Amino acid sequence: MFYSTKMELFWINRICLQIQMGRKNVMKSQQRLAEIIFMRIQELHRERCTAYVSGVGRKDISRRFGKKVKYICLFEDYIVYKLTGVRQIDYSLATRTMAFDIYSLEWDTKILDAAEIDVSMLSKVVPIGAKAGNMSLQITEELGFMNRPVIVSGCHDQIAAAIGSGVFNERHGVDGTGTVECITVAFSKGQKIDKMLLQKSGFAIVPYMKDLFVTYAFSYTGGALLKWYRDKVSPMEAKEAYENGQNPYEVYNRGVSDGEPSELLILPYFAGAGTPYMDNSAKGIIAGLTMDTSKEKIYQGIMEGCLMK
């Protein structure tokens with residue numbers, strides 16, 4: 001999250017907070033904050049949802065940066081603001097702040113009040129693709145555009161993948177693979193789904209379009225694990241492929257058997273486990289290795305493990 005000041009931007013992330021507060025305190029704080037937010041959004045135990053997060057709220061910002069802080073922005077609304085002078089953020093990225101009510105589609109003032117953050121510091125929340133305005137004249141001239149481009153709010157990457165794949169109705173979904181692998185599924189507000197079970201299992205509930213929500217089922221290691229194979233297991237072959245003007249993954253794919261499994265069991269938790277476990281301490285496993293196991297089999301087993309997950 002960006003804290004915008006007259007002088008510079010301060011990027012406050014988990015690593016910075018760990019340095020200042022200590023890892024154990026941060027993890028405990030995050031867990032308690034998540035409990036407060038979960039109870040608030042689900043309208044449970046209202047009497048217990050009042051004031052934990054003040055320690056990381058406006059007073060904490062003021063203590064660190066004085067009275068220079070004027071706005072709090074994420075990447076999306078900061079970029080839109082710099083291009084147009086308008087502060088606005090879409091539903092999907094506002095949801096990631098954990099201070100957005102996914103049902104009323106407004107900032108949750110009870111959470112913000114508990115954190116002692118004035119809602120005026122946050123950007124206006126808008127639907128995906130909402131127009132912010134035209135690019136400022138100065139930036140238009142600097143970039144060499146003949147006309148002033150229209151700037152709109154985007155969305156979370158998995159939301160964009162769903163839209164681009166034609167997920168416009170409930171019970172439709174898309175499986176996108178990049179660094180991670182993520183299945184994004186749409187459901188309607190009226191659909192009978194145990195939303196509490198989803199949230200307890202680490203599945204986000206994100207406003208989508210019309211009366212739809214989406215949720216994400218993901219593994220941290222999709223393409224990332226294939227990249228690990230390229231860099232750590234088969235770098236010499238990758239170098240040779242690049243020198244010959246080839247994509248190393250196309251070379252690796254030629255060694256994959258069309259009709260037989262790899263005979264390996266690979267648990268792809270090389271960067272922790274995603275949903276439903278959400279366990280950053282989980283470790284990967286390669287089981288079934290023998291003296292006859294080739295690198296090609298390991299590559300094939302990686303893909304099988306990601307598919308099984």
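A bit of bookkeeping comes before the details. Residue numbers start from 1 along each chain as its sequence is written, and side-chain values rest on heavy atoms, with hydrogens and water left out. Since this is a predicted model, local features need pLDDT of at least 70 and side-chain atom pairs count only at pLDDT 80 or more, while totals for chains, interfaces and linings use all residues.

Salt bridges come up here as pairs in which a side-chain nitrogen of Lys or Arg is within 4 Å of a carboxyl oxygen of Asp or Glu. Side chains of opposite charge can pair when their charged atoms come close. The structure holds three such salt bridges. One of them joins Lys 227 to Asp 231, at 3.0 Å from N to O. These two residues are four apart in helix α10 (residues 223–233), so about one helical turn separates them. Helices and strands here are DSSP runs (H or I, at least four residues, for helices; E, at least two, for strands), numbered from the N terminus. Lys 227 is partly exposed at 43% relative accessible area, and Asp 231 is also partly exposed, at 32%. The cut-offs behind these labels are under 20% relative accessible area for buried, over 50% for exposed and in between for partly exposed (1.4 Å probe, protein chains only).

Asp 231 has another partner in Arg 230, with 2.8 Å from N to O. Arg 230 counts as buried, its relative accessibility being 16%. Then there is the salt bridge between Lys 295 and Glu 237, whose closest N and O atoms sit 2.4 Å apart. Lys 295 belongs to helix α13 (residues 295–308) and Glu 237 to helix α11 (residues 235–243), so this pair ties together parts that are 58 residues apart in sequence. Lys 295 is partly exposed at 30% relative accessibility, and Glu 237 is partly exposed at 30% too. Shared partners link Lys 227, Arg 230 and Asp 231 into one salt-bridge network.

Helix α10 also has a buried side to look at. Its buried residues are Leu 225, Leu 226, Tyr 229 and Arg 230. Looking down the axis of α10, these residues fall within an arc of 150 degrees, so they line one face of the helix; the arc is taken from the directions from the helix axis to the C-beta atoms. The buried residues of α10 pack against α11, α12 (248–253) and α13. Contact, in this text, means heavy atoms within 4.5 Å.

Next up is Ile 285, in strand β15 (residues 285–287). Ile 285 is partly exposed, at 42% relative accessibility. Leaving aside residues up to four places away in sequence, Ile 285 touches Leu 265, Ile 266, Leu 267 and Phe 270.

A search of the whole structure turns up one cavity of 30 Å³ or more. Cavities are sets of points on a 1 Å grid over the protein atoms alone where a 1.4 Å probe fits but cannot get out, and lining residues have an atom within 4 Å of a point. Grid points are joined across faces, edges and corners, and volume is the space filled by probe spheres set on the points. The largest cavity holds about 30 Å³ of space. Its lining consists of Ile 72, Leu 74, Asp 77, Ile 89, Trp 107, Leu 122 and Ser 123. That lining splits into five nonpolar residues, one polar and one charged, where Ala, Val, Leu, Ile, Met, Phe, Trp, Tyr, Cys and Pro count as nonpolar, Asp, Glu, Lys and Arg as charged, and the others, Gly among them, as polar.

The peptide bond from Thr 275 to Pro 276 is cis, with omega near 0 degrees, and Pro 276 is found in the loop between β14 (265–267) and β15. Met 98, a residue other than glycine, has a positive phi near 65 degrees. Met 98 sits in the loop between α5 (91–95) and β5 (100–101) and is partly exposed at 38% relative accessibility. Glu 263 likewise has a positive phi, near 70 degrees. The loop between α12 and β14 contains Glu 263, and Glu 263 is exposed, with a relative accessible area of 70%.

Conventions:
On a 1 Å grid over the protein atoms alone, a cavity is a set of points where a 1.4 Å probe fits but cannot get out, and a pocket is an open set with protein on both sides within 12 Å along at least five of seven lines; lining residues have an atom within 4 Å of a point.
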